[in-house]
Amino acid sequence: MSACFIAVAAFAVLSLLIAEDSRKNTDDFAKKTFFRKYESVEHEFRNIEEYQYLLRALIQKDGLKNYKEYSSVLNDLNKKRNLLPYSWYQYENSSSGKTESNNPLSDIFENKKNPEQSIVIKNNGPGHFKDLLVTRKDSMYWVSYDSLVLPDKNRLYYGSTVSLDDLHQYFINVDKSSNTYAYVFTKEGICITHPEKKYIGKNIYDFTDIQPKDTLCRTAESGYTKSTAISEYLGVEVTRFIKPLKTDNFDGYTVVNHVNFIIDENINKIKTYTIYIFLAALFLIVTVFILFQRATAIAYKEKEKVQSEKNMLLIENEKMHKAEVINQLQQLKNNINPHFLFNSLNSLYMLIGINKENAQKFTMNLSKIYRYLIVPPKENIVPVSQEIKFIKQYMDLLKSRFDEEMTFNLIIKDEKSLEKRIPYLSLQVVTENAIKHNIATIDQPLEIIITVEEHGITVKNTWQPKTEAVQGEKFGIDYLNQIYEYFRINSLNISVDGEYFICFLPLME
């Protein structure tokens with residue numbers, strides 16, 4: 001009884017210490033999450049600002065010469081970004097009174113024709129851009145612009161527009177977390193972005209319990225304020241962090257809310273689990289050593305014997321399965337080597353009639369790289385550096401045939417990845433697939449880019465498929481899929497992204 005009492009007391013103290021330490025760790029985690037979310041928001045706002053500076057520099061450099069081209073080029077460059085600032089211009093001719101613009105919100109400069117509501121975002125920063133929040137139908141836009149007065153009194157307005165719907169969607173996808181969310185509002189309290197779309201454009205002081213005093217972050221040593229509040233979004237208690245968000249062209253605040261009940265729930269779970277573990281351990285100790293010591297020993301021996309026999313069966317089954325898979329891989333590999341040779345001979349046959357000198361170079365290169373194919377590896381995987389060396393020789397072989405019809409670029413972003421492993425002939429299989437299914441001419445050269453990254457190799461080629469159907473068996477793709485399946489790694493990922501066909505090959509340690 002004394003021993004049990006001491007054990008219970010010690011376990012109670014230990015449980016309190018674990019709970020307190022867990023609360024502290026969770027609080028530190030909430031603080032780190034706040035800084036991470038704040039930095040991601042600040043980074044995107046500065047990206048928007050840098051875009052405005054670039055637009056200003058281009059416009060002021062040439063005046064009216066190329067403003068249309070600048071706007072068009074900047075918009076084309078931004079098409080692949082998740083968050084897309086739209087560049088626009090509006091030229092007003094004072095003598096004719098005519099206006100030329102590519103801005104769908106051009107009527108914001110014509111007060112008489114502007115039925116939509118607009119909100120001015122005040123800013124005294126060194127950027128000196130004018131900012132408006134413009135409502136159009138069910139959407140709101142953040143318009144940032146400047147103007148240039150020309151000697152003939154004509155005026156050129158230029159700037160960028162960001163859809164707050166796009167900004168809202170962007171911040172939902174950045175640093176996703178089930179226990180935190182962030183939003184931004186201006187110095188006047190106008191909400192720029194919020195996970196609840198209906199709050200965008202509203203005054204923050206109307207739908208939250210935030211007070212102006214909560215934004216007095218400069219008086220705090222940490223540079224931000226921290227308080228407990230009820231979430232207007234989730235309706236639960238949260239720890240609220242508020243920190244100024246100030247750039248050259250924006251002056252406002254970022255709010256990050258961390259849900260508190262998750263902290264309390266985790267701590268309560270720890271307390272409950274520690275009690276259960278203690279009681280179960282105490283019961284098992286008393287039961288095993290006092291009542292069932294001998295019976296348990298016998299049962300353990302029987303169980304160990306059964307488990308040993310079961311493990312032997314599992315090992316034999318696994319060996320049989322591996323032998324079957326290796327046999328299938330060997331058959332596929334045996335098909336790849338002659339398949340590669342037949343394709344090379346076909347290429348040589350075509351090249352002889354076009355350029356005999358290149359045909360001779362092609363033959364010499366073929367004899368060199370075919371040494372790599374004579375003795376294939378037993379495990380069907382090789383070092384990445386070995387495959388890279390082979391693909392360089394293979395591309396030199398193809399250049400003898402295609403010359404200007406094809407370009408090849410190798411990018412190594414992570415040198416350590418060269419020490420990892422990849423399926424044998426994987427780069428050749430994917431490259432051959434690109435040449436087989438796409439047009440390669442001087443007018444439409446085929447571009448192949450191989451990028452070595454930390455977790456895999458990306459093979460990307462221009463997507464210009466042939467009009468006629470391409471016949472042939474899929475030995476290579478089946479071979480790669482079976483190797484990845486054998487090593488229990490996700491198979492290669494094939495997709496089409498805009499102008500490129502992309503194949504991702506995962507690396508093995």
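Analyst: Helices and strands are runs assigned by DSSP, a helix (H or I) having at least four residues and a strand (E) at least two, and they are numbered from the N terminus. The structure here is a predicted model.

User: Is Thr 215 buried or exposed, and which residues does Thr 215 contact beyond its sequence neighbours?

Analyst: A residue counts as buried when its relative accessible area is under 20%. Thr 215 has 10% relative accessibility and is therefore buried. A polar atom of its side chain lies 2.6 Å from the backbone oxygen of Pro 212. Leaving aside neighbours within four places in sequence, Thr 215 is in contact with Phe 185, Tyr 205 and Tyr 253.

User: In which strand does Thr 225 lie, and what does its side chain reach?

Analyst: Thr 225 belongs to strand E9 (residues 225-230). With a relative accessible area of 18%, Thr 225 is buried. Its side chain reaches the backbone oxygen of Asp 214 at 2.8 Å. Beyond four places in sequence, the contacts of Thr 225 include Leu 216, Cys 217, Arg 240 and Phe 241.

User: How does strand E10 pair with E9 and with E11?

Analyst: Strands of a sheet pair through backbone hydrogen bonds, in either a parallel or an antiparallel sense. E9 and strand E10 (residues 237-247) run antiparallel and are joined by six bridges, with Thr 228 opposite Thr 239 in E10. These two strands form a hairpin with six residues between them, and Gly 235 in the turn has a positive phi of about 75 degrees. E10 also pairs with strand E11 (residues 250-259), again in the antiparallel sense, over 10 bridges. That hairpin passes through two residues, and the bridge partner of Thr 247 in E11 is Phe 250.

User: What is the strand order of the open six-stranded sheet, and which strands stand at its edges?

Analyst: The order is E2-E1-E6-E5-E4-E3, with antiparallel pairing. Strand E2 (99-101) and strand E3 (118-121) are the edges; each has a single partner strand, so one side of each lacks a neighbour in the sheet. From one strand to the next, the twist averages 25 degrees. Three bridges join E1 (residues 86-92) to E2, and Tyr 91 has Glu 100 as its bridge partner in E2.

User: How many residues form the largest nonpolar core, and which helix gives the most to that core?

Analyst: In soluble globular proteins, nonpolar side chains tend to be buried together. The largest nonpolar core here has 44 residues, and Met 406, Ile 448 and Ile 457 are among those with the most contacts inside it. Helix H9 (residues 384-402) gives the most, with nine residues. A second, separate core has 25 residues, including Phe 45 and Leu 133.

User: How many aromatic pairs does the whole structure hold, and how are the rings of Phe 390 and Tyr 394 arranged?

Analyst: A pair of aromatic rings is described by the distance of the centres and the angle of the planes. The whole structure holds 18 aromatic pairs. The ring centres of Phe 390 and Tyr 394 are 6.3 Å apart and the planes lie at 15 degrees, so this pair is stacked. Both residues are buried; being four residues apart in helix H9, they are separated by about one helical turn. Elsewhere, ring pairs link Phe 34, Phe 35, Tyr 38, Tyr 224 and Phe 241 into a cluster.

Notes. Residues numbered from 1 in each chain as written. Predicted model: local features only at pLDDT ≥ 70, side-chain atom pairs only at ≥ 80, totals over all residues. Heavy atoms only, no water. Pairing = 2+ DSSP bridges. Axes fitted to C-alpha atoms, helices over the stretch in contact; angles between N-to-C directions. Core = buried A, V, L, I, M, F, W, Y, C linked by side-chain atoms within 4.5 Å. Buried < 20%, exposed > 50% of the residue type's maximum accessible area, 1.4 Å probe, protein only. Polar contact = N/O pair within 3.5 Å; in protein donor to acceptor, adjacent residues only side chain to side chain. Contact = heavy atoms within 4.5 Å. Phe/Tyr/Trp six-rings, centres within 6.5 Å; stacked < 30°, edge-to-face > 60°.
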